[in-house]
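Morning, everyone. I'll take you through one model, a few residues at a time. Have it up on your screens.

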Amino acid sequence: MNIRRTLFSFLLLTLSLAASAKVDYDSIVVRYGPITADTLIYIDKQELMLTLFVSDGQVVAEFPIACGKKMGQKQRSGDYRTPEGKFRISQIQDSSKWGHDFHDGKGFIRHAYGPWFMRLDTGRHKGIGIHGTHDPESIGTRATEGCIRLKNDDLEKLHSLVEVGTTVIIGEDK
């Protein structure tokens with residue numbers, strides 16, 4: 001009986017997520033080309049939302065994000081923009097002990113990236129990834145140097161659903 005209830009709850013959650021998704025899988029595939037991985041992450045910089053799809057277009061999860069402080073396509077290192085286009089996760093690293101100085105007057109911050117850093121193969125822009133945060137209040141804002149930032153609990157959920165090779169599409173600012 002508990003298994004049936006759990007499956008029913010999961011089905012309801014999946015259907016409600018699919019109904020609430022603001023992004024259409026088919027339009028993503030038309031714009032960016034076919035998706036070869038089992039899952040697709042779509043980053044909407046306008047809505048500050050990450051949507052995870054499975055290969056049939058069904059929404060599995062949605063998470064609020066923070067992205068680059070400045071709008072538009074990344075041009076160079078240090079421009080505080082999040083790159084736009086079709087990428088893939090090239091590495092998933094344990095970043096639980098990583099720190100960073102964000103040059104905001106607060107100095108070096110321990111555990112700045114949360115538990116995981118999902119490094120993206122973005123070509124010439126190095127060091128871009130999906131990661132957690134030391135500052136959950138920044139989620140829902142433009143706060144990063146170019147990465148995609150999630151709450152650590154959401155990052156843990158995402159980590160359990162993706163792997164190296166997962167396609168990541170970062171939409172354009174309009």
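Is histidine 125 buried or exposed? Histidine 125 counts as buried, because its relative accessibility is 9%. The cut-offs: buried means under 20% relative accessible area, exposed over 50%, and partly exposed in between, with a 1.4 Å probe and protein chains only.

Some ground rules. This is a predicted model, where local features need pLDDT of at least 70, side-chain atom pairs count only at pLDDT 80 or more, and totals for chains, interfaces and linings use all residues. Residues are numbered from 1 along each chain as its sequence is written, and side-chain values use heavy atoms, with hydrogens and water left out.

Back to histidine 125. It sits in the loop between β8 (116-120) and β9 (129-131). Strands here are DSSP runs of E, at least two residues, numbered from the N terminus. What does histidine 125 contact, leaving aside neighbours within four places in sequence? Lys74, Gln75, Arg76 and Pro83. Contact means heavy atoms within 4.5 Å.

Next, serine 138. Its loop runs between β9 and β10 (142-144). Serine 138 is buried, because its relative accessible area is 5%. Not counting residues up to four places away in sequence, serine 138 touches Ala66, Thr133, Ala143 and Arg149. Take alanine 66: it is 72 residues from serine 138 along the chain, yet their C-alpha atoms are separated by 6.4 Å. A polar atom of the serine 138 side chain lies 2.7 Å from the backbone oxygen of aspartate 135.

Now the backbone angles. Most residues other than glycine have a negative phi. Leucine 48 is in the loop between β1 (39-44) and β2. It counts as buried, because its relative accessibility is 13%.

Histidine 111 also has a positive phi, about 60°, and is not a glycine. Its loop lies between β7 (108-110) and β8. Histidine 111 is partly exposed, because its relative accessible area is 46%.

Last, the hairpin. β2 (residues 49-54) and β3 (residues 59-64) pair in the antiparallel sense over five bridges. Pairing requires that DSSP finds at least two bridges between the strands. Methionine 49 has proline 64 in β3 as its bridge partner. Four residues lie between the two strands of the hairpin. In that turn, glycine 57 has a positive phi of about 95°.

That's my tour. Over to you.

Conventions:
Polar contact = N/O pair within 3.5 Å; in protein donor to acceptor, adjacent residues only side chain to side chain.
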